[in-house]
Amino acid sequence: MGAALYAQMPGGAPVPPNKVVARIDGRDITAADVQSAIATMPQEFGNLYQQNPTLALQQLFMMKYLAGEAEKKKLADESPLKEQLEANRANMMAAAMLAYEQNHFNPTADAVTAYYAKNLARFQSARLKVISITFGAPLAGNASAEEKARAELIAKMGIKQRTEEEAKARGMEALAKLKAGTEFEKVLAEYSDDPTSKTKGGDYDPVTQDSSQPEAFKKAVFALKPGEYSEPLRLPGAIIVARLESIAPQPKSEVELNIIQQLRQDHFGQWMNEMSQRFQPAVQAPEFFMNVRPSGPQMPGLGPR
């Protein structure tokens, strides 16, 4: 949270750390004092700071004063505060250990290579040529400025604003010509509305299992054989007729970070399962637990799995 809340003056100039920004309880408070004080505060305090910095600083420095007074009186050594503090510390340390175990596991290079080889089917990349036929509903009276600008651009490009049904019918028409033997380039020139792919001979960005297209689109693409055409496929705002050019594995270098993240997740899941099994209670007296309800702090992230 920290410095982003106050690091600049209204004009955009940075605030020097030693600049006095407030006076509280008879002493000058610098920008560095505020930064240090709020660095470890919870998000709720950050929200309050953004809404009312004066009130937030009042509560923050009052809390720190009261905490200091409590330390002087050794209130942390008295029950039940002592036990509550110990439980809160244990809770925070457990959460820190969860984060550490999740983020500090480093798979070996051999493990990454083995995962890549074993899961080549997940890393296939399909090269396509496509004919893209746009569609879109007529603009509503309350259309946004962005929607109006897009419609205006489409009109300037000479592209007809079709319904989805009209676009699909036009896609079927294009597909019929392709299957009848009409050259792809001729059908592309006549039917495609996408100027980007059109100028590249219909070339489309490679499709992978992690691409952003809908699952139905990717499933249909990967079911094709090289040279085959798809039935008209739906994407947001367009109907696509695709021809598969080739399918080949992505280079390991392109997917290595994803593999490392997956191996970390697998490790963490296995580790958590081991922890859960290790500390699964073997209840000896079930009647005891019937009327016991927890009242202390809960352990975040350590629920049943």
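**View 1. Four strands make up an open sheet, ordered S4-S3-S6-S5, with antiparallel pairing.** Strand S4 (203-208) and S5 sit at the edges with a single partner strand each, so one side of each has no neighbour in the sheet. From one strand to the next, the twist averages 45°. Strands (E, at least two residues) and helices (H or I, at least four) are DSSP runs, numbered from the N terminus, and two strands pair if DSSP finds at least two bridges between them. This is a predicted model: local features need pLDDT of at least 70, side-chain atom pairs count only at pLDDT 80 or more, and totals for chains, interfaces and linings use all residues. Residues are numbered from 1 along each chain as its sequence is written, and side-chain values use heavy atoms, leaving out hydrogens and water.

**View 2. Strand S3 (residues 124-134) and strand S6 (residues 238-249) run antiparallel, joined by 11 bridges.** Look for Ser125, whose bridge partner in S6 is Ala248, and for Lys129, which is partnered by Arg243.

**View 3. S5 and S6 form a hairpin with 2 residues between them.** Gly237 in the turn has a positive phi of about 85°. Strand S5 (residues 233-235) is antiparallel to S6, with 3 bridges joining them; Leu233 stands opposite Ile240 in S6.

**View 4. Helix H4 (residues 81-103) packs with helix H11 (residues 252-278) at an angle of about 135°, their axes 8 Å apart.** Axes are lines fitted to C-alpha atoms, for helices over the stretch in contact, and angles run from 0 to 180 degrees between N-to-C directions. That makes H4 oblique to H11 (under 35 degrees counts as roughly parallel, over 145 as roughly antiparallel, 65 to 115 as roughly perpendicular, the rest as oblique). Contact (heavy atoms within 4.5 Å) is made by Leu98, Glu101, Gln102 and Asn103 of H4 and Arg264, His267, Phe268, Trp271 and Met272 of H11.
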